[in-house]
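Dear colleague,

Please find the structure below, followed by a summary of what was found in it.

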Amino acid sequence: MIISKETLVLEKVNIKLADFLERKRSPLSAIVKEKIIEYIEQKDLKPGEKLPSETDFVNIFNISRVTLREAIAQLSQEGIVYKKQGKGTFLRKKPLKMESGVENLGGVTEVIENLNYEPSTEYIKVEITEPTKEIKEKLDLKEGEKIVTYYRKRYANKEFAVYSISSVPIKIFKENIPKFFPKESMIRYFEEDLGITINGALAEIQPFFFDKKEAKSLKISEDILFLLLKQTVYDYSSLPIIYSLDYYNATLFKFYLNRKRIH
């Protein structure tokens with residue numbers, strides 16, 4: 001029997017987007033917005049170039065003008081297009097699109113840099129707490145051991161790309177707990193400043209929408225689909241050192257698997 005397995009060992013990969021979106025029922029305008037972005041990419045439009053007219057888009061997508069105008073308004077709010085009175089809609093900047101293989105182990109910073117974008121970080125908060133039952137198991141913690149958790153909004157070329165929640169056993173830092181990571185990357189800090197070499201990770205991917213309250217707190221639309229990458233990162237002695245929840249903005253990121261046949 002021929003068995004296929006992923007280059008990266010995944011705990012679960014269960015992305016049933018069709019069923020998930022059916023339950024969530026994204027507004028039609030959000031879907032049309034993505035279709036317009038696809039059109040911009042396919043036609044390789046450059047900043048300053050004019051987009052098709054409302055009539056053309058209505059015919060292309062077979063939608064109402066109201067839905068189209070809602071989609072254009074969303075793109076305008078995101079700074080991707082702009083309107084000139086009496087002249088039409090024009091492209092302000094190319095929308096970011098990032099593709100990455102999940103078999104390539106790296107933190108958010110490395111993913112963004114490898115795609116030739118500039119990473120930056122907004123620290124929401126850093127807190128020392130008792131671990132939840134799940135985190136305690138994932139990080140193999142003993143009773144009474146605490147964790148340090150970093151809540152960060154990650155940006156690529158100043159566009160919101162990833163929301164990261166990363167938990168680390170407090171013992172890893174010994175005496176000095178950093179309030180931020182000077183070179184953006186937690187993994188880079190571990191390797192260069194703490195002398196901890198990262199060996200691998202066990203990951204799970206699933207689709208995710210933030211609820212209204214969470215979306216408001218993050219200052220994002222609740223209609224944005226995210227790809228949640230849950231992963232436990234290990235060092236070379238197989239010690240779990242990071243448990244992270246990284247919510248990748250699916251309007252920017254596309255992940256793929258490099259699958260090989262084993263006989």
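Glu-54, Thr-55, Phe-57 and Val-58 of helix 3 meet Arg-65, Leu-68 and Arg-69 of helix 4 (contact: heavy atoms within 4.5 Å).

This is a predicted model, in which local features need pLDDT of at least 70 and side-chain atom pairs count only at pLDDT 80 or more, while totals for chains, interfaces and linings use all residues. Residues are numbered from 1 along each chain as its sequence is written, and side-chain values use heavy atoms, with hydrogens and water left out.

Strand 9 (residues 198-208) is largely enclosed by the rest of the structure, because 8 of its 11 residues are buried (under 20% relative accessible area, 1.4 Å probe, protein chains only). Strand 9 pairs with strand 10 in the antiparallel sense over 10 bridges (pairing requires at least two DSSP bridges). Helices (H or I, at least four residues) and strands (E, at least two) are DSSP runs, numbered from the N terminus. Gln-206 has Leu-228 of strand 10 as its bridge partner. Contacts of Phe-226 beyond four places in sequence include Gln-206, Phe-210 and Tyr-247.

Yours sincerely

Technical notes:
Buried < 20%, exposed > 50% of the residue type's maximum accessible area, 1.4 Å probe, protein only.
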